[in-house]
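Here is a short report for a first look. Please keep the model in view while reading.

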Amino acid sequence: MLTNHARIIARHLAARSKQFHTSLPIIGDQRRLFSSANNINNHGRLRRSVHFVPADNEKFLSKSLSLGADTIVLDLEDSVKDKHDGREKLQSFLMDLTTASTPLLNTEVLVRINPLSTSGEFGREIWRDDIDAGFYGADGFMIPKVESRDELILLDEVLTNLELQQHSNVMRRATTHPKVLLPIATETPTAVLNIVDIAKGPRVCAITWGCEDLSAAIGAFGTRDEDGKYLDIFRHCQSMCLLAAKAANVQAIDGIYQNVRDGVGFEKDSSEAKFMGFDGKLTLHPEQILAVHGVFEPTKSELKEAMDIVTLWEERGDGKGSLEYNEKMIDLPHYVRAKKVIARSPPDRDDDVVQNDNENSSRDTTTTISVSGAGSKQTTSSTTNEEDEVFPRVYLGKYFEDLNPGLKIRHFLTRTVTESDNVFFTCLTLNPAPIHLDHELSKDNRNALGSGTDITSTGKPLFNSMFTLALLVGMSVPESTHGTTVANLGFSEVLFPKPVYPGDTLRAETLVLDRRESKSRPTQGIVTLQHLAYNQRGDVVCKATRQALMKKRP
């Protein structure tokens with residue numbers, strides 16, 4: 001007897017098969033350009049962090065691309081009550097992305113649609129509207145509560161049809177890459193039993209798992225024991241997700257950690273997933289992103305060992321026998337694992353900047369390497385004395401190559417300024433101007449200048465403008481110049497169009513105006529940045545244009 005899911009999929013596959021062959025002409029092998037998993041590059045992109053963002057929250061959407069996640073998932077399912085409103089805000093956000101003057105460099109954008117089994121008003125499938133809303137601008141879709149490979153085949157047909165329409169429309173740019181699919185493959189009992197086939201579905205780039213919906217479906221009273229460990233049934237689902245992904249040659253993404261305030265527990269959970277073989281983890285809170293990157297990126301010692309093993313194995317060239325490295329026997333499986341460790345390292349990684357390396361590298365170490373097999377043996381010894389990394393470096397800024405003219409950055413830091421800030425800064429800089437300190441003088445100025453004058457219209461002391469300038473530059477640093485600037489060369493323009501008063505909340509934006517190569521420093525370049533500070537009413541309170549000497553990418 002067919003399940004409700006199965007009936008829906010069978011009906012639609014039959015309908016889509018008839019519709020597809022009558023709706024569009026197929027020219028040569030054009031359809032192969034878009035359809036099937038053969039066109040999905042599963043290994044060229046890191047997915048250490050796959051971060052959920054509610055599609056109906058404009059504030060979260062505006063900050064999402066500055067969080068540094070490898071993948072963001074714009075959610076139209078569980079976190080969105082008004083689906084229509086969510087789709088409208090999603091489309092507006094994606095339109096801004098597609099019309100931006102510079103492309104996204106690293107962040108993959110997926111849309112989580114509603115399950116294929118859900119229907120909306122007049123019986124129309126909600127997920128079809130979700131696909132339409134996210135198609136132009138998103139890199140792919142996350143599929144919740146998927147139960148079979150047939151559902152992915154149906155989605156492949158729908159997406160192929162849309163991609164062919166886009167490809168044949170001269171008013172739009174042709175699709176360079178087909179949309180990818182990332183199924184959540186353990187949310188129903190049927191899904192768990194079909195997970196191997198789901199992982200091998202068309203367009204699948206990775207699979208992930210979840211246990212909350214499954215626990216409700218099977219009537220479980222919880223998902224973890226009193227020690228915080230997953231119960232056996234859910235541990236089984238986690239293991240099956242990993243094995244199914246690796247058997248299908250796609251990435252495996254570990255599930256969420258619900259307690260967003262438990263940083264220690266999250267890092268422990270992430271570390272266990274990494275050592276099991278997962279490629280990344282779902283995240284719910286921005287603070288989890290940097291933490292999960294620190295866990296899944298190889299430490300300096302892990303990367304060095306992997307590179308040593310790969311170099312030694314490949315130098316020998318025959319792929320037979322075994323090696324002895326640091327008193328451990330190394331054979332083919334160790335070589336394969338070492339290659340995967342290297343693949344986890346970001347391509348722009350600075351090997352002198354390593355997070356989460358808890359090993360003391362200041363001690364003298366001796367490495368002994370033996371090569372055996374094929375009748376030969378070679379032994380080498382070396383002693384190294386590396387500097388102790390007491391303070392691991394984490395840099396967030398952009399390099400010279402990333403700062404293309406026209407790039408606009410909305411900074412995530414905001415600040416509500418207080419009277420204490422004003423008094424402290426004014427006294428710290430030995431500025432005795434009473435207009436910053438004297439309430440009575442501010443009232444007198446208001447009366448003298450008139451209540452309609454901006455300068456003292458509130459009767460409060462004015463904020464020291466040098467504080468406003470310093471705060472603006474400071475708020476701009478994390479996403480622009482943190483760790484990548486050599487020097488601030490100066491300001492060509494500083495304006496204060498509106499005053500700042502205690503209690504105002506300020507935010508910042510940066511626009512890249514120009515960049516040029518440094519004539520005397522081949523590894524550096526000069527970038528012109530325009531910073532804007534806004535108050536809570538949207539008024540520009542400071543505008544500053546400066547030139548910065550920036551590092552080029554190593």
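Predicted model: local features only at pLDDT ≥ 70, side-chain atom pairs only at ≥ 80, totals over all residues.

Glutamate 509 sits in strand S16 (residues 505-517) and arginine 410 in strand S13 (residues 408-410), so the pair ties together parts 99 residues apart in sequence.

The two partners differ in cover. Glutamate 509 is buried, at 5% relative accessibility. Arginine 410 is partly exposed, at 45%.

## Other salt bridges

Side chains of opposite charge can pair when their charged atoms come close. The count for this model is 28 salt bridges.

One of them joins arginine 87 and aspartate 130, with the closest N and O atoms 2.7 Å apart. This pair links distant parts of the chain. Arginine 87 is in helix H3 (residues 83-98), aspartate 130 is in helix H4 (residues 126-135), and 43 residues separate them. Arginine 87 counts as buried at 12% relative accessibility. Aspartate 130 is buried too, at 0%.

Aspartate 279 and lysine 246 form another bridge, at 2.8 Å from N to O. Aspartate 279 lies in the loop between H10 and strand S8 (280-283), and lysine 246 lies in helix H9 (residues 232-247), so parts 33 residues apart in sequence are tied together. Aspartate 279 has a relative accessible area of 18% and is buried, because the limit for buried is under 20%. Lysine 246 is partly exposed at 37%.

There is also a network of salt bridges. It links Asp75, Glu77, Asp78, Arg112, Lys145 and Asp213.

## Two packed helices

Helix H10 (residues 263-276) packs against helix H11 (residues 286-296) at an angle of about 35°. Their axes are 9 Å apart. The crossing of H10 and H11 is right-handed. H10 brings Phe266, Glu267, Ser270, Ser271, Ala273 and Lys274 to the contact. H11 brings Gln288, Ala291, Val292, Val295 and Phe296.

Take valine 292, in helix H11. Is valine 292 buried or exposed? Valine 292 is buried, at 0% relative accessibility. Beyond residues up to four places away in sequence, valine 292 touches Arg48, Ser49, Phe266, Ser270, Lys281 and Thr283. Valine 292 and phenylalanine 266 are 26 residues apart in sequence, and their C-alpha atoms are 8.3 Å apart.

## A nonpolar patch

Which residues make a nonpolar surface patch of about 320 Å²? They are Met466, Phe491, Val494 and Phe496. Valine 494 belongs to strand S15 (residues 485-495). Valine 494 is partly exposed, with a relative accessible area of 32%.

Key. Residues numbered from 1 in each chain as written. Heavy atoms only, no water. Patch = residues over 30% accessible without salt bridge, like charges linked within 9 Å, V, L, I, M, F, W, Y side chains within 5 Å. Areas by Shrake-Rupley, 256 points an atom, 1.4 Å probe, with all protein chains shown as cover. Salt bridge = Lys/Arg side-chain N within 4 Å of Asp/Glu carboxyl O. Helix = DSSP H or I, 4+ residues; strand = E, 2+ residues; numbered from the N terminus. Buried < 20%, exposed > 50% of the residue type's maximum accessible area, 1.4 Å probe, protein only. Axes fitted to C-alpha atoms, helices over the stretch in contact; angles between N-to-C directions. Left-handed = near helix turned anticlockwise from the far one by under 90°. Contact = heavy atoms within 4.5 Å.
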